[in-house]
Amino acid sequence: MKPLKEVAMSYMALAEVQKKLQEGMYQEAVAESRRAMEISRTMPPEEAFDHDGFDGLCYAALVSAQAGLGEYVECLRSAERALRYFNRRGELQKDEGQQWIAVIFSRAVALQETGSLEDAAKELQIAGEMIAERKSDFIGKEKMVREIELRLAVLKERSKPEKDKNYRAWWEFWS
């Protein structure tokens, strides 16, 4: 198999992952993400191919799929690997910007679901800021914004200190 064919097959598999994610077929998206990475690794090492970048895109898709499946610990591991690529690149206006936002958002969901509420709130705010900075729309943007607002509201409500059951206002002592 020629490297050009392997590159095409890798990107076709990655496109299939995005399609599966949009259809809510998370288990299939996980399998297809792994398959895309396996195909890309069959290229000879001397070929000029950005393996780190391609793996970053595959892990970005994997993060969204794992969050959709409720596999939050695995989601956090995949997010770390994806963010190594995206944080290094730092380009929000490119096509990869949508995947970067999705990684941050999915990571925030995983943090919230695993009990890291303070970190989750920070990540949700970052995802919201990234969406606001992005100049173009993307599929699922409105849904993601609503989910961010909802999750932040839930986190804010949880962080409010509960009133002590024995609490009485100062004026109650005088009456």
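Helices (H or I, at least four residues) and strands (E, at least two) are DSSP runs, numbered from the N terminus. The model on screen is predicted: local features need pLDDT of at least 70, side-chain atom pairs count only at pLDDT 80 or more, and totals for chains, interfaces and linings use all residues. Residues are numbered from 1 along each chain as its sequence is written, and side-chain values use heavy atoms, with hydrogens and water left out.

**Whole chain**

Start with a cartoon view of the protein, which has seven helices and zero strands. Read from the N terminus, the order of elements is α-α-α-α-α-α-α. Colour by accessibility next: 40% of the 175 residues are buried, where buried means under 20% relative accessible area, exposed over 50%, and partly exposed in between (1.4 Å probe, protein chains only). Then turn to contacts, that is, heavy atoms within 4.5 Å. Of the contacts in the protein with a separation of 6 or more, 60% are between residues 24 or more positions apart.

**Largest pocket**

Show the pockets. On a 1 Å grid over the protein atoms alone, a pocket is an open set of points with protein on both sides within 12 Å along at least five of seven lines, whereas a cavity is a set where a 1.4 Å probe fits but cannot get out; lining residues have an atom within 4 Å of a point. Grid points are joined across faces, edges and corners, and a volume is the space filled by probe spheres set on the points. The largest pocket holds about 820 Å³ of space. Select Leu21, Tyr26, Ser64, Lys143 and Met144, which are the closest to its centre of the 25 residues that line it.

Helices H1 (3–22), H3 (51–69), H5 (96–113) and H7 each supply at least two residues of this lining. Which helix gives the most to the lining of the largest pocket? H5 does, with six residues. By type, the lining of the largest pocket divides into 12 nonpolar, nine polar and four charged residues; here Ala, Val, Leu, Ile, Met, Phe, Trp, Tyr, Cys and Pro count as nonpolar, Asp, Glu, Lys and Arg as charged, and the others, Gly among them, as polar.

In helix H1, pick lysine 20. Lysine 20 is buried, at 16% relative accessible area. Leaving aside neighbours within four places in sequence, lysine 20 is in contact with Met25, Glu28 and Ala29.

Move to H3, which has 19 residues and reaches 26 Å from its first C-alpha to its last, close to the 27 Å expected at 1.5 Å a residue; the expected span is 1.5 Å times one less than the number of residues. H3 is largely enclosed by the rest of the structure because 15 of its 19 residues are buried. Glycine 70 follows H3 and has a positive phi, near 80°.

Serine 78 is in helix H4 (residues 72–89). Its relative accessible area is 5%, so serine 78 is buried. Beyond neighbours within four places in sequence, serine 78 is in contact with Tyr59, Leu62, Val63 and Gln66.

Now select leucine 155 in helix H7 (residues 141–159). Leucine 155 counts as buried at 7% relative accessibility. Not counting residues up to four places away in sequence, leucine 155 touches Gln112, Leu117, Ala120, Ala121 and Leu124.

**Cysteines**

Finish with cysteine 58, buried at 0% relative accessible area, and cysteine 75, buried at 0% relative accessibility. The structure holds zero disulfides, a disulfide being a pair of cysteine sulfur atoms within 2.5 Å.
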